[in-house]
Amino acid sequence: MKKQFVVIGLGRFGSSVADTLLYQGHEVLVIDRDMSKVEPFMSTATLAVQADATDENVLNELGIRNYEHAIVAIGEDIQSSLLVTLLLKEIEVNTVITKAKDDLHGKMLNKIGADRVVYPERDMGERLAHHLDSSNLIEH
Ligand code: ATP
């Protein structure tokens, strides 16, 4: 079933999430404050917007409250990551999934109401190790 997503922050993680959701046929609004990150999505995303997502007026004008799922993929600028997550929960986006760069960042995200916190490098590392542990690797 087709779902509506908003992806905020188009670094390696956010752009990969957005690309995959679009490939799966979902509606995806992408936002980044850096135009060079937005440009590659102009022809593929449902809507691609260059804007600062910490600006509440921008979120309202884009009708973000109508989206059920949001992915906040801002890593380095922790203040932006926290503020955007808080604003999305305030406007009652149902599921807000936010990327954290470390434990402290993740702890703060949980406190302010993120529905799910992901640690891409850590999660992928664990998944790979489990996969290696359970697969029948041929030893040389
Ligand atoms: P990755 O590891 O996924 O490449 P990262 O963890 O290094 O990313 P950043 O590069 O800090 O994360 O942020 C990802 C994107 O989020 C950047 O393209 C940046 O322009 C964007 N971004 C940061 N703050 C905001 C904001 N307030 N509004 C919109 N976009 C933002």
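This is a predicted model: local features need pLDDT of at least 70, side-chain atom pairs count only at pLDDT 80 or more; totals for chains, interfaces and linings use all residues.

Q: Okay, what is in the largest nonpolar core?
A: The largest nonpolar core has 20 residues. V6, I8, I31, I64 and L88 have the most contacts inside it.

Q: Which elements supply this core?
A: At least two residues each come from β1 (4–8), β2 (27–32), α3 (56–61), β4 (69–72) and α4 (78–90).

Q: And which gives the most?
A: That's α4, with three residues.

Q: Let's zoom in on I31. What is I31 in contact with?
A: Leaving aside neighbours within four places in sequence, I31 is in contact with V6, V7, I8, G9, L10, V49, A51, A53, L62 and I64.

Q: Tell me about A18. Where is A18 found?
A: A18 is found in helix α1, residues 12–23.

Q: Is A18 buried or exposed?
A: A18 counts as buried because its relative accessibility is 0%, and the cut-off for buried is under 20%.

Q: What does A18 contact, then?
A: Setting aside neighbours within four places in sequence, A18 is in contact with V7, V28, V30 and F41.

Q: How many Å apart in space are A18 and L86?
A: They are 21 Å apart, C-alpha to C-alpha. In sequence, A18 and L86 are 68 residues apart.

Q: Switching to charges. How many salt bridges does a search of the whole structure find?
A: Four salt bridges turn up in that search. In one of them, the side chains of D77 and R33 meet at 3.2 Å, N to O.

Q: Which parts does the D77 and R33 pair tie together?
A: D77 lies in the loop between β4 and α4, while R33 lies in the loop between β2 and α2 (35–38), so the pair ties together parts 44 residues apart in sequence.

Q: What about D115 and K89?
A: Their side chains meet in a salt bridge too, at 2.8 Å, N to O. The pair links distant parts of the chain, 26 residues apart: D115 is in the loop between α5 (103–111) and β6 (116–118), and K89 is in helix α4. D115 is partly exposed, with a relative accessible area of 42%, and K89 is also partly exposed, with 22%.

Q: And D103 with R122?
A: The side chains of D103 and R122 meet in a salt bridge at 3.0 Å, N to O. D103 lies in helix α5 and R122 in helix α6 (residues 120–134), so this pair ties together parts 19 residues apart in sequence.

Definitions and conventions. Residues are numbered from 1 along each chain as its sequence is written. Side-chain values use heavy atoms; hydrogens and water are left out. A nonpolar core is a set of buried Ala, Val, Leu, Ile, Met, Phe, Trp, Tyr and Cys residues joined through side-chain atoms within 4.5 Å. Buried means under 20% relative accessible area, exposed over 50%, partly exposed in between (1.4 Å probe, protein chains only). Helices (H or I, at least four residues) and strands (E, at least two) are DSSP runs, numbered from the N terminus. Contact means heavy atoms within 4.5 Å.
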